[in-house]
Amino acid sequence: MTDSKIMDKLVSLCKRRGFIFQSSDIYGGLEATYDYGPLGVELKNNVKQLWWRDVVTSRTDVVGMDAAIFMNSKVWEASGHVSEFHDPMVDCKNCKARFRADHIDLEKNCPTCGVKEWTDARQFNLMLKTHYGPSEDSSSVVYLRPETAQGIFVNFANAVTTSRAKLPFGIAQIGKAFRNEITTGNFLFRSREFEQMEMEFFVKPDETSEWLEYWSNARLDWYKSLGVTEKKLKLRLHEDNELAHYAAACFDVEYEFPFGWSELEGIADRGSYDLDQHAQHSGKKLTWFDSKTNEHITPAVVEASAGVDRTVLTILVDAYHEEEVKGEQRVVLKLNPKVAPITVAVFPLVNRDGMPEIAEKIIDDLKGDFAAFFDAGGSIGRRYRRQDEAGTPYGVTVDSDTLTDQTVTVRERDSMAQERVAMDQLSSYFRDKLR
Ligand SMILES: [Zn+2]
């Protein structure tokens, strides 16, 4: 199976099973914009909840927040995004195709039409603009935020005062961000609307390198904890020429996608750049008072910036398997139970003899603790295959034996092994399995 085929097959499975749809599909779609369906939104929510738990609530040194998407335009002037946040763009004069100048070889012919007639490269700002309020003049211009981080920096003083935080401490948030990328592609990998999980960790300036190392390793380990194949994950130190305008050093967590090793998350030493810029532009003091030394200091920042959609794509690509079972092909998503949209699917073997009612009762009992799903449509083999494609780790079948001995068949997705379990033991059975 070639690598591009894997992506095509994954896109089609995501549509077929209700994970991810093309946005505005009935109107022909909108390029590189996607909607999450019933299974996709559960997977995505599981990713966000695990991140929030592991980065915020299970720690004593990180607090959360949720800033508005719209911000005063002065934020983006101060942060450098108005003047610096652009990519070089070239057009093919012959076929009008547009490329990022740093992504293609301008000595060669146009990959679309084969002619070599390039325009000069020019800078294209990646922020999406709109007008705020009823007038459409330059004074009403606002930007759709290109990163959630600035919402944290401009709230630094608020957070310090209200949570009485002591260095080192972090502020985290999850939210949508927007970038008018010149080229998009690889499904969820690069789109113009996406969701970020960002954490800004404020430290004493001489402690940045140790915290950069700490967070780089912690973030790499987090992807492993989601069940992503370890040998397809690595940390990569940025070369000087690829650093963003605000960063002094940066590690990427990379994953080996079918289209090559690519960035999953950036862990960057932003120094005191952002707080310095906002202090200067706003005229407000953005420092932290060290009561031990009686000094006001501007903390440095180590940022961990992850993409929700990229994480979802990684989990899906990594879980996708095709296997041959008794001469038949089986497609299975081997999702870690922690992120799987459905944990247990419950099937009545046939739609009579009270089996559907027993299955419904099992769902009621499990529902509070597990994501349980009822499926009575089609042959049992077909229902198993559907749940394999949905990545559901366990299937429970109610059959004629259940009527006499109150046991059910539990099938494990990856091994396809089956065992009989007493109906009233199911809750503790699954709790043990998922521990
Ligand atoms: Zn061309």
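Predicted model: local features only at pLDDT ≥ 70, side-chain atom pairs only at ≥ 80, totals over all residues.
Residue numbers start from 1 along each chain as its sequence is written. The protein chain has 13 helices and 23 strands; these are DSSP runs numbered from the N terminus, with helices being H or I of at least four residues and strands being E of at least two.

**The whole chain**

- Of the 435 residues, 34% count as buried. Buried here means that 20 or more other C-beta atoms lie within 10 Å of the residue's own, exposed means 12 or fewer, and partly exposed is in between, with C-beta atoms placed from the backbone.
- Take the contacts between residues at least 6 apart in sequence, and 62% of them join residues at least 24 apart. A contact is a pair of C-beta atoms, placed from the backbone, that lie within 7 Å.
- The chain splits into domain 1 (36-71 + 146-316) and domain 2 (342-434), with bounds that come from an automatic or database domain assignment.
- Taken over C-alpha atoms, the centres of domain 1 and domain 2 are 40 Å apart.

**Strand β9 and its partners**

- β9 is largely enclosed by the rest of the structure, because seven of its ten residues are buried.
- On the parallel side, β3 (residues 62-64) pairs with β9 over three bridges. Pairing takes at least two DSSP bridges between the strands.
- β9 and β10 run antiparallel, with ten bridges joining them.
- Lysine 176 has glutamate 195 in β10 as its bridge partner.

**Loops on either side of β9**

- The loop between α6 (156-163) and β9 (169-178) holds proline 168, which is joined to leucine 167 by a cis peptide bond with omega at about -5 degrees.
- Arginine 164 is in the loop between α6 and β9 too, and has a positive phi of about 45 degrees although it is not a glycine.
- Arginine 164 counts as exposed because it has 8 other C-beta atoms within 10 Å.
- Over in the loop between β9 and β10 (193-203), asparagine 186 has a positive phi of about 55 degrees, and it isn't a glycine either.
- With 18 other C-beta atoms within 10 Å, asparagine 186 comes out as partly exposed.

**Alanine 149**

- Look for alanine 149 in helix α5 (residues 149-153).
- It has 25 C-beta neighbours inside 10 Å, so alanine 149 is buried.
- Skipping residues up to four places away in sequence, alanine 149 touches Glu198, Glu200, Glu303 and Ser305.
- Alanine 149 and glutamine 196 are 47 residues apart in sequence, yet their C-alpha atoms are 9.3 Å apart in space.

**The nonpolar core**

- The largest nonpolar core has 86 residues, and the ones touching the most other members are Phe201, Ile267, Val302, Val312, Leu316, Val346 and Val396. Such a core is a set of buried Ala, Val, Leu, Ile, Met, Phe, Trp, Tyr and Cys residues joined through C-beta atoms within 7 Å.
- Helix α9 (residues 308-319) gives the most to this core, at seven residues.
- The core lies between domain 1 and domain 2, because both of them give residues to it.
- Leaving out neighbours within four places in sequence, valine 312 is in contact with Leu43, Lys44, Val47 and Leu188.

**Helix α10**

- α10 (residues 355-367) is 13 residues long and reaches 18 Å from first C-alpha to last, close to the expected 18 Å. That expected span is 1.5 Å times one less than the number of residues.
- Its buried residues are Met355, Ala359 and Ile362. They cover an arc of only 55 degrees around the axis, so they sit on the same side of α10; the arc is that of the directions from the helix axis to the C-beta atoms.
- Glu357, Asp364 and Lys367 are exposed on the other side of α10.
- The buried residues of α10 pack against β19 (344-348), β20 (372-374), β21 (394-398) and α13 (426-434).

Terms used
Contact = placed C-beta atoms within 7 Å.
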